[in-house]
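Here are a few notes to read alongside the model. Keep the 3D view open while you go through them.

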Amino acid sequence: MTTDDAGSVDAGGQSIRLIRRLVLINLGLVALQPVSAGLSMSGYGGAVTVHAVVALALQVGAAAQAVTAIVLWRRGRVPGWVAGFSAGLLVMMFLELAVGHSRRFWLHLPIGVGIFGWLSRQVGRLKAIPNA
């Protein structure tokens with residue numbers, strides 16, 4: 001069991017491991033998006049459906065990550081930046097969905113790249129937390 005500076009107890013860093021798993025799942029889903037978009041532009045008809053389904057899965061995944069992180073932060077199990085990062089990700093995912101749906105690809109693509117970087121950075125920061 002580990003105790004942080006605030007005095008909260010987390011059995012062996014389970015909370016950080018849970019958040020890390022959610023982040024990795026979302027990172028994997030984000031990595032699928034450019035592949036499905038490229039296949040769509042290459043003329044594969046089903047790729048648009050795959051892109052839309054993965055986008056929906058990302059919305060669910062980002063919501064799960066945000067809710068989990070906020071609950072764990074309120075219980076003192078994860079640092080506040082984890083909750084803030086996760087809530088910010090959820091907002092960015094909704095923005096990404098909105099601009100993609102409205103076919104503003106000039107904005108959709110850079111936001112997608114930013115989300116990939118955002119999640120990659122979060123993975124690195126979560127690995128740096130001791131006892132996780």
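1. A quick definition to start: a residue is called buried under 20% relative accessible area, exposed over 50%, and partly exposed in between. Tryptophan 81 comes out at 24% relative accessibility, so it counts as partly exposed. Phenylalanine 85, at 17%, counts as buried. Bear in mind that this is a predicted model.

2. Now for the rings. The count of aromatic pairs comes to 2. In the pair made by tryptophan 81 and phenylalanine 85, the centres are 6.2 Å apart and the planes stand at 90 degrees, so this one is edge-to-face. Ring pairs also bring in Trp118, giving a cluster of Trp81, Phe85 and Trp118.

3. Arginine 125 lies over the face of tryptophan 81, at 3.9 Å from the ring centre. Arginine 74 lies over the face of tryptophan 73, at 6.0 Å from the ring centre.

4. How do the axes of α3 and α4 cross? Helix α4 spans residues 105-127, and its axis comes within 9 Å of the α3 axis, with a crossing at roughly 160 degrees. That makes the two helices, α3 and α4, roughly antiparallel. Their crossing is left-handed.

5. Finally, the contacts between these helices. On the α3 side they include Trp81, Phe85, Leu89 and Met92. On the α4 side, Ile111, Ile115, Trp118 and Arg125 are among them.

Conventions. Residues numbered from 1 in each chain as written. Predicted model: local features only at pLDDT ≥ 70, side-chain atom pairs only at ≥ 80, totals over all residues. Heavy atoms only, no water. Phe/Tyr/Trp six-rings, centres within 6.5 Å; stacked < 30°, edge-to-face > 60°. Buried < 20%, exposed > 50% of the residue type's maximum accessible area, 1.4 Å probe, protein only. Lys NZ or Arg CZ within 6 Å of the ring centre and 35° of its normal. Axes fitted to C-alpha atoms, helices over the stretch in contact; angles between N-to-C directions. Helix = DSSP H or I, 4+ residues; strand = E, 2+ residues; numbered from the N terminus. Parallel < 35°, antiparallel > 145°, perpendicular 65-115°, else oblique. Left-handed = near helix turned anticlockwise from the far one by under 90°. Contact = heavy atoms within 4.5 Å.
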